[in-house]
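Visitor: Could you walk me through this one? I'd like to start with how the chain is divided up.

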Amino acid sequence: MQHLLDVKDLEVTFALRTGSLIAIHGVNFTVDKGERVGLVGESGAGKSVTGFAIINLISKPGYISNGSVLFNGRDLASLSDEEMRHIRGNRISMIFQDPMMTLNPVLTIGTQMIETLQAHLKISKTDAADIALEKLHKVHIPSPEKRLRQYPHEFSGGMRQRIVVAIALLVDPSLIIADEPTTALDVTIQAEIMDLLRELCESEDTGLILITHDLGVVAQITEKVVVMYSGNIVEMGTTTEIIENPRHPYTKGLIQAIPDKRNPGERLNQIPGVMPTLMDIPPGCSFHPRCTIKGEICTREIPKLKEIDSTGKIVACHMVSAEGEVQ
Amino acid sequence: MFAFAVRRITQAIVVMLVISLIGFAIKHEIGDPVRDIVGVSVSVAEREALRDKLGLNDPFIMQYARFVKDALHGDLGHSFFFKKPALDVITAKAPATLELVFVSSLIIIFVSIPIGIYTAINPKNWFSRLTMGVSIVGVSIPVFLTAIILIYIFAVELHWLPSYGRGQTINIYGWESGFFTLDGLKHLILPSIALSSIMLPLFIRLIRSEMMEVLETEYVKFAWAKGLSKYRIWLLHAFKNTLLPVITVGGVQLGILIAFTILTETVFQWQGMGFMFLEAVERSDTALLVAYLIVVGALFVVVNTIVDIIYGLVNPTVRITGRK
């Protein structure tokens, strides 16, 4: 079966004056129709860059230097600007991190919704407004008729993110990329937005790539998890497998750092050290300076992703095998 | 919107009171109306009697109140050189200046906006680099030099355009206009280019830098992610946000443009308020100077109020505060 999205050997490079920096080192993963995938890692792991690379919207001076992004079999990385424009907001939508910054402050919600529809469909303003109303209704915005004429500053943060979700849904995309959609919101609203996203993706059979550092959210929503560390995939598998039986020391660290796994009063586990910046990635496995089970080989050789057991989970670590840790 | 307008108008009145106070203080300190009325041969006692009769020995505040009252009735004093009310002299000269400022503003708007947008979108191409370079030079050349260079090239050497004066004008309900004759329009070209040359580089740079900042915002990135056409993103999403700071600065600069007409009008022998002002200074025509100060001050205030209202129309958050 053809995948909805098939990212193959995706490599993203930033061409700086001082030289080229590779931010994403040949990443491979797939998303099927209606599948919800979590892209997890610390800040700077390359999650967002991967998300933006899919719709070919990496901020300059970054560019896709290798690999392909097959969407329904078409390579998005090779499309012209105009062809790509028809994919964005139409077949693949994006939801950004901070709803306070995502909407244009000087245009009404109505304008910002209608223009999206008119960019992709031959449709009159009134028909577009009807679709906009329907979508606002879907994301539970009360009295949408009145709301269409209002400006972003007249809405709360949670409301704005609902509107952004409504905009993402306007043209019934087959894939939504949500880049930390709830990080900027407070906790109660976070859960609401997440439930909403899940519900909408389920009812429309829409694929979802959820970029987040929050494994708790991932556990609730996604079916598959891709764990990234400094531009590489270090572990990938079904959500249940990753959460209950993580194998890569980095994934383990992330899961142990979730507060609700601890008893009250007990100190949180944290992964020692910080992720290396693109400028000083260590040789061998880039995680080895922070790793608790590292061996001599880890400082020399970059580990390859390999299947280690029958669950289909793949891990990039020299020290893990089917039998257990460390040979 | 109504509350917003009321607040703006109140502010405008306060500003006008301050201007009139300064104007009056100048008149009070420098001008001696008695000298204007009588000659040197009149005795000191007679002068004192006249002063009493004219109320010149009254306390400052009373004289000021009288000045404001007269000003509200359209009496800004008498120009002793023209032997006419100062306001009449100014209103006769105002059309020349206003037409000059108007055409210069049009030049500034229609040149700086496209160039500003273009150079923000393509910051690295040769045209943008050239524009930035030229604009630095442009900012530092004084207006009278630009004017003289323009006259030298287009009037003296090429004989394409006239070098001074307003040319043929038509009187429309008391407004001497140069807009309706070919000769009048020809005479407008060089002075308005010279006048706009001071503000043009500044506006291009301002629009460019604001626009470049806006292009980096999340909402512009989101607009790209929505798959909008690039022209809609640049000209609507980005430019409308660029406009806000540009309007604020622009309003103030437009007032400064009126002030700069003094230099431009002098070089081009343009019979406007600025030229008149310089002549009034030479003749120590105090009443006319003060009247000029107040009229230009009023123009400044009116322009700024209009600019604020336009700002309110562009920026939705301003309207909200006005509604409260």
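Visitor: What is chain A divided into?
Guide: Chain A splits into domain 1 (5-91 + 173-268) and domain 2 (102-170), with bounds that come from an automatic or database domain assignment. This is a predicted model, in which local features need pLDDT of at least 70 and side-chain atom pairs count only at pLDDT 80 or more, while totals for chains, interfaces and linings use all residues. Residues are numbered from 1 along each chain as its sequence is written, and chains are lettered from A and ligands numbered from 1 in the order in which they are written.

Visitor: How many residues of the two domains are in contact?
Guide: In chain A, 14 residues of domain 1 are in contact with 12 residues of domain 2, where contact means C-beta atoms, placed from the backbone, within 7 Å. On the domain 1 side, helix α8 (residues 187-204) of chain A gives the most, with 6 residues; helices here are DSSP runs of H or I, at least four residues, numbered from the N terminus.

Visitor: And how far apart do the domain centres lie?
Guide: The C-alpha centres of domain 1 and domain 2 of chain A are 25 Å apart.

Visitor: Switching to the chains, how many residues of chain A are in contact with chain B?
Guide: There are 23 residues of chain A in contact with 19 residues of chain B. On the chain A side, α2 (81-87), α3 (99-102) and α4 (109-120) each supply at least two residues, and α4(A) gives the most, with 4 residues.

Visitor: Which residues does Ala291(B) touch?
Guide: Leaving out residues up to four places away in sequence, Ala291(B) touches Leu76(B), Gly77(B), Ala86(B), Leu87(B) and Ile90(B).
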